[in-house]
Amino acid sequence: MMKKIMLLFSLLIISVVSFAQEKPDSYRVEMADTMRSNGRIYVVVAVALTILIGLVLYVVRIDRKISKLEREK
Amino acid sequence: MTDTKNYMYKSWWKIASVALLIYTFTAGLLLDVPRLPALQETIRNLYFHVCMWFAMMILFTVSVVNAIRYLRTFNIKYDIYARQFAVVAIVFGLLGYLTGAIWASYTWADPNKPAINSFSTIARDPKLIGAAIALLVYFAYLILRDSIQDMDKKARISAVYNIFAYAMLFPAIWILPRILPSLHPGNEGNPALDVKNDISGNMRMIFYPAVIGWTLLGVWITTLKIRLSLLKEKGMLS
């Protein structure tokens with residue numbers, strides 16, 4: 001009887017352990033982790049932000065020009 | 001110039017738009033995202049590709065509202081509003097379509113076959129065909145408008161057509177793709193808005209500000225186009 005209970009218990013533990021091992025399974029999905037750890041991702045952010053700000057400045061300039069035209073009318 | 005001080009000339013929402021977009025570009029690339037097979041880092045496209053469609057939908061809605069306002073008042077100003085909002089919405093729709101094409105060719109393609117062989121399957125997806133139909137209906141709106149010389153007739157016919165085009169949006173991009181089997185995610189429930197079992201809370205923190213930022217940028221560009229057309233209109237009258 002005692003043996004059987006022990007067996008059941010150990011099987012339960014094994015199943016829990018195997019669940020615990022399954023959890024970080026998602027970490028096997030390949031992501032750009034190296035890019036993050038060596039900080040190169042900031043280069044990408046800088047490039048993207050430069051393009052965004054450049055475009056925004058262009059739109060601001062057009063806005064100013066139209067405002068000037070409106071005042072002349 | 002009684003309406004000089006309306007929202008088009010205020011700058012606070014333009015600044016808000018730029019701030020939200022800067023946040024989108026930084027946080028969108030840096031913050032953690034769920035690790036999902038097949039999607040991997042491309043899940044970050046949610047902040048760009050999906051926002052294009054949200055912005056398009058909002059701008060088309062504003063356009064149809066202005067078309068109805070035109071039909072109620074016959075004030076040519078509302079016709080200009082409706083047209084410019086529709087044009088910028090089409091631009092956002094095209095950007096959404098293009099970004100979707102790039103995204104799909106990397107995540108939907110069968111990895112066992114050369115990418116070109118998966119193309120016929122991808123191109124046949126109901127969501128893509130629906131979006132293409134919706135955009136073509138709006139292209140026809142622009143062609144219809146520009147083919148009528150008489151200004152009042154042009155405004156009236158295109159306002160009515162605008163309402164039909166808007167009604168066509170719903171079967172084309174919301175209903176039909178959900179009835180047919182599609183590779184495109186979000187066919188059950190409310191895509192990107194479902195709180196329980198959709199995108200993670202972490203992503204929602206960036207996604208909603210991104211939608212507002214992109215939409216405001218679209219509105220900003222539209223107001224510039226509206227102001228130019230109003231100036232042209234005045235030049236013609238004086």
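This is a predicted model: local features need pLDDT of at least 70, side-chain atom pairs count only at pLDDT 80 or more; totals for chains, interfaces and linings use all residues.
Q: What share of the residues in chain B counts as buried?

A: Burial is judged by counting neighbours around a residue: 20 or more other C-beta atoms within 10 Å make it buried. Of the 238 residues in chain B, 34% count as buried.

Q: And which share of the contacts with a separation of 6 or more comes from residues 24 or more positions apart?

A: Here we look at how far apart in sequence the partners sit. In chain B, such pairs account for 74% of the contacts with a separation of 6 or more.

Q: Where in chain B is B:F74, and what is its phi?

A: You will find B:F74 in the loop between α2 (49–73) and α3 (76–107) of chain B. Its phi is near 55 degrees, a positive value in a residue other than glycine.

Q: Why does B:F74 count as partly exposed?

A: Go back to the neighbour count. B:F74 has 13 C-beta neighbours inside 10 Å, so it counts as partly exposed; a residue would need 12 or fewer to be exposed.

Q: How many residues of chain B are in contact with chain A?

A: To read an interface, take each side in turn. On one side are 19 residues of chain B, in contact with 20 residues of chain A. The elements giving two or more residues to the chain B side are α1 (12–30) and α7 (201–237). By class, that side has 13 nonpolar, two polar and four charged residues.

Definitions and conventions: Residues are numbered from 1 along each chain as its sequence is written. Chains are lettered from A and ligands numbered from 1 in the order in which they are written. Two residues are in contact if their C-beta atoms, placed from the backbone, lie within 7 Å. Helices (H or I, at least four residues) and strands (E, at least two) are DSSP runs, numbered from the N terminus. Ala, Val, Leu, Ile, Met, Phe, Trp, Tyr, Cys and Pro count as nonpolar, Asp, Glu, Lys and Arg as charged, and the others, Gly among them, as polar.
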